[in-house]
Amino acid sequence: MTDIKKSAPTGTFKSIMKSNTMVLVLLGVMILFEVLIQLTGHGSLFAPANITNIIRQNAYVVILATGMLCCILTGGNIDLSVGSVVALVGALAGVFVVNLGWPIWLAILACLIVGTMIGAFHGFFIAYVHIPPFITTLAGMLLWRGVATIVLNGIPIAPFTPEYKVLFESFLPLESDRFGEVFALGSYININTMIITMIITLICVLAFVITEIISRANKIRKNYTVTPIGFFIAKLVLLSLVIIGLGQFLARDRGIPVILILLAVIIAAYAYFTQNTVPGRYLYAIGGNEKAARLSGVNTNNVMFFAYTNMGFIAAIAALVTVARLDSAQPTAGVNYEMDAIASCFIGGASAYGGTGTVTGAVIGAIFMGVLNNGMSILGVDMNWQRAVKGIVLLLAVIFDVVSKKRKSSK
């Protein structure tokens, strides 16, 4: 069975650069888009309002990518149904909240239960009947899209109540708590928004630094190989500056989007689950060698069932976020969402064969997709060309993974 106590990188400059290749590519793409946008006079990729839009518009990709990663880790398996599940759960949210007037908490709970049950439905046939995931979720993609259209009768439901939208589309501080404006850095900045946002940002930086220090100390205590102290400090400084930079962008706009807090919770929870818990490491074990994992006592059927049940739960969360952003439940919602989630995972370093990948990598892949979409949209690139570019990027990511696997196996 694959060693589930994988050590840290060797600490050499080459290995550190290799493990952060996607981050460097992301930075390069952002700089390239900024230059092109400035030259064409379309504004700026780094405008505070645009940074906020990137977060809000691509929240569903980040959410779905965390769940999709769990499926991919089990052996390169994917879930093609998530876009349709988003449409169906979103349709039910519209019926519950708008048409029936249910309490918000009850409607959200019902939607999460339905999404989880759909995931369990897929998981049962995949794990225990042993129908290939591709076929099962392809059937789900057709089935749930049809059911969503039936529920909505082909007609969107809108608008959602302010009480519902505030859960996913509001900002901290709330608009009622903002006061005082000053003109700085080329725009009007709300003083209260700036102060509260930067305080929260600094708290996040402090939490990040403490968490990293504790993690490094634990690795040393367990005799894992860690990066040299110089590289470690440089990493803390650079990432802290990135967080502070993001905070100041948000502070100059409307503050911290509530959806960003939800994303942080989901990312932290799944990163911890996959890297620091036994059930999470089982996902890697199955992807590394399913037969060996089974012989070692891992109930592979239960692990597969969990992966797809969890995907349904995650798709339900993405649906709740999507209908809040669109302010409507539509039968066409979620089209190609599964493709964005799958691409994010592979671009972020997940292996097409399973057993390799991290939540952090999937999130970076999702951010890359978001920047790609946003940058090309600002430049006015035709939608068909945007699809073509994303397809090429995905193909290159998979080719890189396959070539790397072959090189490792030949050594």
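Reply: The second largest pocket has a volume of about 630 Å³. The model is predicted, and local features need pLDDT of at least 70, side-chain atom pairs count only at pLDDT 80 or more, while totals for chains, interfaces and linings use all residues. Residues are numbered from 1 along each chain as its sequence is written, and side-chain values use heavy atoms, with hydrogens and water left out.

A pocket here is an open set of points on a 1 Å grid over the protein atoms alone, with protein on both sides within 12 Å along at least five of seven lines, and lining residues have an atom within 4 Å of a point. The volume is the space filled by probe spheres set on the points, which are joined across faces, edges and corners. Of the 22 residues that line the second largest pocket, Y60, N336, D340, N373 and K390 are the closest to its centre. Helix 15 (337-347), helix 16 and helix 17 (383-410) are the elements that give two or more residues to this lining; helices are DSSP runs (H or I, at least four residues), numbered from the N terminus. Helix 17 supplies the largest share, six residues. By class, the lining divides into nine nonpolar, nine polar and four charged residues. In this scheme Ala, Val, Leu, Ile, Met, Phe, Trp, Tyr, Cys and Pro count as nonpolar, Asp, Glu, Lys and Arg as charged, and the others, Gly among them, as polar.

Helix 16 (residues 359-378) also packs against helix 4 (residues 59-73), at an angle of about 145 degrees and with the axes 9 Å apart. Axes are lines fitted to C-alpha atoms, for helices over the stretch in contact, and angles run from 0 to 180 degrees between N-to-C directions. On the side of helix 4, V61, V62, A65, T66 and L69 take part, and they meet V359, A362, V363 and A366 in helix 16; contact means heavy atoms within 4.5 Å. This contact has eight nonpolar residues, one polar and no charged residues.

The loop between helix 4 and helix 5 (82-99) holds G76. Leaving aside residues up to four places away in sequence, G76 touches S351, A352, Y353 and G354. G76 and G355 are 279 residues apart in sequence, yet 7.9 Å apart in space, C-alpha to C-alpha.

Definitions and conventions. On a 1 Å grid over the protein atoms alone, a cavity is a set of points where a 1.4 Å probe fits but cannot get out, and a pocket is an open set with protein on both sides within 12 Å along at least five of seven lines; lining residues have an atom within 4 Å of a point.
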